[in-house]
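Good morning, everyone, and thank you for making the time.

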Amino acid sequence: MSGLLGARTCPGPGEASDLKSPQGARFREPLTEARFQQLFGDAEQEPELLAESRLSLLCRLWRRRARACSGPGAWRLLLARLPPLRWLPHYRWRAWLLGDAVAGVTVGIVHVPQGMAFALLTSVPPVFGLYTSFFPVLIYTLLGTGRHLSTGTFAVLSLMTGSAVERLVPEPLGGNLSGIEREQLDAQRVGAAAAMAFGSGALMLGMFALQLGVLSTFLSEPVVKALTSGAALHVLVSQLPSLLGLPLPRQIGCFALFKTLAAVLTALPRSNPAELTISALSLALLVPVKELNVRFRDRLPTPIPGEIVMVLLASVLCFTSSLDTRYNVQIVGLLPGGFPRPLLPNLAELPRIVADSLPVALVTFAVSASLASIYADKYSYTIDSNQELLAHGVSNLISSLFSCFPNSATLATTSLLVDAGGNTQLAGLFSCAVVLSVLLWLGPFFYYLPKAVLACINISSMRQMFFQMQELPQLWRISRVDFAVWMVTWVAVVTLSVDLGLAVGVVFSMMTVVCRTQRWEKRRGKSRCGEARQWSAWGDFPARPGWESDPCFLPRVQCLALGLAEGTELYRPLRERHKLLQIPGLCILSYPTPLYFGTRGQFRRTLERHLGLREGGKETPKTDGPPDAVAEPIRVVVLDCSGITFADAAGAREVVQLSRRCRDAGIHLLLAQCNASVLGTLTQAGLLDRVTPEQLFVSVQDAAAHALERLESAGPKSCTVWV
């Protein structure tokens, strides 16, 4: 394309004015959109540019559905929905089987104590944590696309579910329940937790049916990390009564963390010395073991199973010393053998738990999708976000029939699986085998396990979430906006609740996205103290500290005037320190942001300033050239739409209104490089009633070449202004 556009130079005495191309040659005529489609369009046209009737569209969709119902189409659908059919034929048995077996057994050993611990966090008996560590893992192995993902009980979901369960099925005020009353209360709470799993699974399946896997992009990394870090603090505080042996009711709702702290401090003199001692010894073993596993992960063949060692030691100690009868230490008790009878959750409870199921579904998908993406990028494979919705939706829905509570991918066990040498989803089957052996045969060995040990396991498993706060200094250096999102989400989670904090974080994150679509304008001005300042043209922030309180720092949409670089056909912003050509009478503007209801006002004002348009009449147009340059009335304007990624109805109407005002002011408007979606929206808004197809060009260079021809044929010769 070099040599497409020429530059006009000032004729000297006795010289004729001539249009010179940057390279001294011209290769083709300017291409409009219509001409380009005639030459290169046909079958390769964008669907949005095709004037397709509703009948033809329905026929095309029907043919696509018919192809999907054929034999090859059904096989492709089966391959897409059952990932083992794709990766199992290529499984490297000699290289991967041992690693999957070791990793699966290691994760299964950790699942046993963690499942029981997170069940107490969910306010249900410990055995239901084992069920939740079995059925979801088995289902995800068949449907999931994350090769290194470990699913099961997750502390954040257990905390959210437990708060909802405590609100739906509160404990009687007296607190002294008989054995039968306690069993009835536990059964009601198990039903409420299973109903939440059913509701969240149904919501995720609905999202899968609508192909809403893209929603995971709206839960940004700062939001997810701040959510898990704040929830870890909630878990720590909620386990303090169990650590100290205090029979305190669970606090729910806003400010529950502070209410729990106040209740613990008030009841601290009534703490149980035996349970306090068990908790201190358990933490003294678990925390160093966790640290050793992290520091020496490359040297250890498999991570040290500190949780199961602690469980065995505490059970033996409690049994030999009769701590449950002599010192009133709370123990797990009998774990029923086998599996529960499949039972459909009480559907009458669904309307009450929909509001609680929605944040659970969002957190499940966000955490699972982000974890799967991290390890997929690390090990060079891809995941299907919509298939992940299906996998976790089916996992929660079916496991709720077996009295399981909501589940998702877990941070700790996923990291453990990778460190232990796991390679594929097959490791989940070995993990299920370990949990199955406990459910069928080894359950009685956990009868004397103190519940304080499970509380310590809950707290020690939060280590990775607490350490996410170490990334804050680096996040501050990289992006202060993301730092603000992180802090706002974390404060909202800690002070309010996990679900409300999630809502606040998502809304605040989206607000920052909307604000950042309105680029910061590079401008000069004076502050109240009279100091002249100049801002960065392209950055989200000014180039120096102290920008927050400066009144000259105004958010504006950045509409840049372009000039031609000498000897090329490249157009650059005139504000850049380059030697650029500015043609009198021609204005080339680039609008590098989406055009929607939030930016249409700035779009109108900035173009009015550049073109000299006002409702009350014409004014002198704004120039980006040297101060001593004489402003000439603009006769042709080229609007570069390559940066307009989308336009809504309000933005499209602004462009139509601009075309009318330009025509009334005697300015010839040319549009360049509109993508198919934007062009379709503008067409529907009536743009072609104001402009002709000959005013739509495929590139800025083509539009500028046409503008120069129009200027040369319509008026007196003008001199090029060098900027």
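This is a predicted model: local features need pLDDT of at least 70, side-chain atom pairs count only at pLDDT 80 or more; totals for chains, interfaces and linings use all residues.

Residues are numbered from 1 along each chain as its sequence is written, and side-chain values use heavy atoms, with hydrogens and water left out.

The protein chain has 28 helices and 16 strands, where helices (H or I, at least four residues) and strands (E, at least two) are DSSP runs numbered from the N terminus. Of its 723 residues, 50% are buried; buried means under 20% relative accessible area, exposed means over 50%, and partly exposed is in between, with a 1.4 Å probe and protein chains only. The chain exposes about 34,400 Å², of which carbon and sulfur atoms supply 62%, the areas coming from the Shrake-Rupley method with a 1.4 Å probe and, for residues, only the protein chains shown counting as cover. Taking contact as heavy atoms within 4.5 Å, 79% of the contacts between residues at least 6 apart in sequence join residues at least 24 apart.

Now to a single position. T141 sits in helix α7, residues 135-143, and counts as buried because its relative accessible area is 5%. Apart from neighbours within four places in sequence, T141 is in contact with P84, W87, Q425, G428 and L429.

T141 also belongs to a cavity lining. The whole structure holds seven cavities of 30 Å³ or more, a cavity being, on a 1 Å grid over the protein atoms alone, a set of points where a 1.4 Å probe fits but cannot get out, with lining residues having an atom within 4 Å of a point. Grid points are joined across faces, edges and corners, and a volume is the space filled by probe spheres set on the points. The largest cavity has a volume of about 100 Å³ and is lined by 15 residues, of which V137, T141, L149, S150 and G428 lie nearest its centre. Helices α7 and α19 (427-442) each supply at least two residues of that lining.

What do the aromatic rings do? A search of the whole structure finds 14 aromatic pairs, where rings of Phe, Tyr and Trp (its six-membered ring) pair if their centres lie within 6.5 Å, planes under 30 degrees apart being stacked, over 60 edge-to-face and the rest tilted. W87 and Y91 have ring centres 6.2 Å apart and planes at 55°, so this pair is tilted, and both residues are buried. W476 and F483, by contrast, form an edge-to-face pair, with 5.1 Å from centre to centre and 80° between the planes. Ring pairs also link W87, Y91, W93 and W96 into a cluster.

Finally, the backbone. Most residues other than glycine have a negative phi. S123, in the loop between α5 (93-121) and α6 (127-132), has a positive phi near 70°, and it counts as buried because its relative accessibility is 12%. S322, in the loop between α14 (306-321) and α15 (323-326), has a positive phi of about 55°, and it counts as partly exposed because its relative accessibility is 29%.

Note on methods: On a 1 Å grid over the protein atoms alone, a cavity is a set of points where a 1.4 Å probe fits but cannot get out, and a pocket is an open set with protein on both sides within 12 Å along at least five of seven lines; lining residues have an atom within 4 Å of a point.
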